[in-house]
Amino acid sequence: MASFAWTIPLWPLLGWLLLGTLGGRLPRRVVSFVGCGSVALSFAASLLAMLTFPGEPQTVQIFSWIAAGDFSVAAGLLLDRLSLVMVLVVGGVGLLIHIYSIGYMAGERAYSRYFAYLNLFMASMLLLVMGSNLLVLFVGWEGVGLCSYLLIGFWFDRERAANAGRKAFIVNRIGDAAFLVGILVLWNALGTLDLRTIAERASTLSPPVMLTASLLLFVGATGKSAQLPLYTWLPDAMEGPTPVSALIHAATMVTAGVYLIARLFPLFTHPITLLVISTVGAVTALFAATIALVEWDLKRVLAYSTISQLGYMFLAMGVLAPAAGLFHLTTHAFFKALLFLAAGSVMHAMHDVIDMRRLGGLAGPLRYTAVAFAIGALALVGIPPLAGAVSKDMILERAAEHAAAGGSVLPLLLGLLTALVTSVYITRAALHTFLGRPADPQAHPHEGPPVMARPMGILALLAVFGGLLGAGLAGAPLLRFLAPQFGEAAHVPAAAGGAAPTSVATITSPLAIIVAVAGVVVGLVAYRGRRDPDLGMWGRLARSHFGFIHLYDGVFVPIAKRLAWTLAGPVDLGVIDRAVNGVGALLAGGARGLRRLQTGYVRHYAAIILLGTVLILAYWVIR
Amino acid sequence: MVPLTYYLVLSAVLFSVGMTGVLVRRNALIVFMSIELMLNSVNLTFVALSRHLGSIDGQLAVFFTIVVAGVEVVVGLAIIVEIFRSRASVNVDDVDLLRG
């Protein structure tokens, strides 16, 4: 690996160390400079690594981490086509959001703490995507989880934010436990945790082991990427600052599950695993999109939208199209970050009002933000040639081919239906927020400073032109770059030199566009005049998350709480505390008896010495 | 020539006298002198046995004992003087700060 490439995760780590220790005493301009500069350095190193990439995967061993018997793990970094793409997406979007944060968080008291957390997040995320073995990846995985918790609860004096942070942490813990067990299963079966070795040898695993390991890792992925049934933490995570939502809970961290599957893709090719992944992805996509229809909080609409789009990515993995999934990951990072930053701009202008019933008519005063939001929305909807259109169509094409080849038709049907619902909910959000009459005539919204506007502009450009990375007409540079990694599964378009599409795929793309446009029209008609039509039973179902809220609040949470109280009362107080206090009391009682020996009279001590001497002498004489 | 047994008996008597003094007297100076008595009773044993066995080793040990006793006197007397200054008493029973 080129000597500078291993510094990619190092710079944000140094930034975190500096800001975390001295940040409170540094002037704000220095904090901004260090916070953004460290990410810029790491992005520059990533770009340089891309330009000098020799084509073969590069690894660097930093040190031998664990060596116990025949168990050895080296802390190492891996730079190959997949991690390069991830590093560039994470670093690029991360840098833009860091810069945006300078404006968004300008009035914040704990300014340096914010940037310290953000830098630690970047370091963990880059470690996650560059780790050369599962354990290093897991360190990054937990690191981003920690930063997510810290940043969701950034305003920890607000009870809702503190609770949301804990919820994210606990729900993720469930997935992480399964992930850890999966790592152990893989170690047991293969005797190595090296990612490339696992991917190479996955086909030699016996099918039951492969199924177990892949499903366990997938449970971990559903936790981190907020898929059914572990999705509940992501909407609550919107309590954090909006740039955090854009960076962690839309563009980067939540895609870690998708990355994990792409990284170990050969392991996940067991037919049952593929079916599970594509079904969970497709159902989650539709499920979350439906909830977004009835949500009033703009940021939460975007959160459900993120869950839904992540569902598309998993769907792509499940229909053997990892490259299409990664392509959607990339374009989604652009347009969803853009949507979130636009929402942040609205919050900035409206003094943290985010309920769409109290917004409206913002297209006038916030023209720039409105245009940015519209571009993001159109990219999300999938209007060609915007970024989302190309990547989403590609996933649907692969789903169609998969169905035609005898696979499940569920992913295709749900995928198309989700595309329709997506258009409706984002149209609704845009109408409620930017059109109509202002809900609060007293408010005088104004655009944020240029430091907020510029990153939005760049992201808007990326959301418009990002599709070229995978479009056949533009040569599909991203897919061709990934082709050596995935082979056949990269699905390079025919126009860029790939295999000719099947007849099924050629009609999917126009169909998807028709569905998307139809959704926008339906949305414009249904929500004109900014009134929500009564959805009746469906509305109630969606508001209760199709029973998931009742399932969690009525079953799992009470069980967990009762377990916690049992452990806290009878077990902790009754057994553990008693044992600890018992040992203490025993020692105290013994000491109380022994202290009588310490009379303070010198002659007592002398007498005891004499007695001891006599006894020893007697022993020697009698023996 | 005095037989060895006499020396040893005398030494044992001296040691017991010293021992008793340490155990029963309260004046720190007397206790101190009793300790010296015990040390010198041991010295006597060393010298007597040295003569009896025709070896120089016992006499060597005596020199060590004398040196150590001298040092001990210096330190011990200094402590006693300090105790007297702070409490106007050299009664060892008054010094019981370490009582449990």
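This is a chat about a predicted model and some of its local features.

Colleague: What kind of model is it, and how are things numbered?

Modeller: It is a predicted model: local features need pLDDT of at least 70, side-chain atom pairs count only at pLDDT 80 or more, and totals for chains, interfaces and linings use all residues. Residues are numbered from 1 along each chain as its sequence is written, while chains are lettered from A and ligands numbered from 1 in the order in which they are written.

Colleague: What is the secondary structure of chain A?

Modeller: Chain A has 23 helices and 2 strands. Both kinds are DSSP runs numbered from the N terminus: helices are H or I with at least four residues, strands are E with at least two.

Colleague: How much of chain A is buried?

Modeller: Of its 623 residues, 52% count as buried. A buried residue has 20 or more other C-beta atoms within 10 Å of its own; exposed means 12 or fewer, and partly exposed is in between, with C-beta atoms placed from the backbone.

Colleague: What box do the C-alpha atoms of chain A fill?

Modeller: Roughly 110 × 65 × 50 Å, taken along the principal axes.

Colleague: Switching to the strands. How many bridges join strand 1 to strand 2 of chain A?

Modeller: There are 9 bridges between strand 1 (residues 58-68) and strand 2 (residues 71-79) of chain A, and the two run antiparallel. Strands pair if DSSP finds at least two bridges between them. A:Val60, for one, has A:Leu77 in strand 2 as its bridge partner.

Colleague: What sits between the strands?

Modeller: The two strands of chain A form a hairpin with 2 residues between them. A:Gly69 in the turn has a positive phi of about 60°.

Colleague: Which residues of helix 18 of chain A are buried?

Modeller: They are A:Met452, A:Pro455, A:Met456, A:Leu459, A:Ala460, A:Leu462 and A:Ala463. Seen down the axis of helix 18 of chain A, they fall within an arc of 165°, so they line one face of the helix. That arc is of the directions from the helix axis to the C-beta atoms.

Colleague: What covers them?

Modeller: The cover of those buried residues includes helix 3 (81-104), helix 14 (322-349), helix 15 (367-381) and helix 16 (387-404) of chain A.

Colleague: Now A:Tyr149. Buried or exposed?

Modeller: A:Tyr149 is buried, because 22 other C-beta atoms lie within 10 Å. A:Tyr149 lies in helix 5 (residues 134-152) of chain A. Leaving aside neighbours within four places in sequence, A:Tyr149 is in contact with A:Gly165, A:Ala168 and A:Phe169. Contact means C-beta atoms, placed from the backbone, within 7 Å.

Colleague: And A:Gly569, buried or exposed?

Modeller: A:Gly569 is exposed, with 10 other C-beta atoms within 10 Å. Its place is in helix 22 (residues 548-594) of chain A.

Colleague: Which peptide bonds are cis?

Modeller: A cis bond joins A:Leu228 and A:Pro229, with omega about 0°. The bond from A:Pro384 to A:Pro385 is cis too, with omega near 5°. A:Pro385 is in the loop between helix 15 and helix 16 of chain A.

Colleague: Why point those out?

Modeller: Because most peptide bonds are trans, and most residues other than glycine have a negative phi.

Colleague: Which residues have a positive phi although not a glycine?

Modeller: A:Leu320 has a positive phi of about 65°, and A:His545 has one of about 55°. A:Leu320 is buried, with 21 other C-beta atoms within 10 Å. A:His545 is buried, with 20.

Methods
Two residues are in contact if their C-beta atoms, placed from the backbone, lie within 7 Å.
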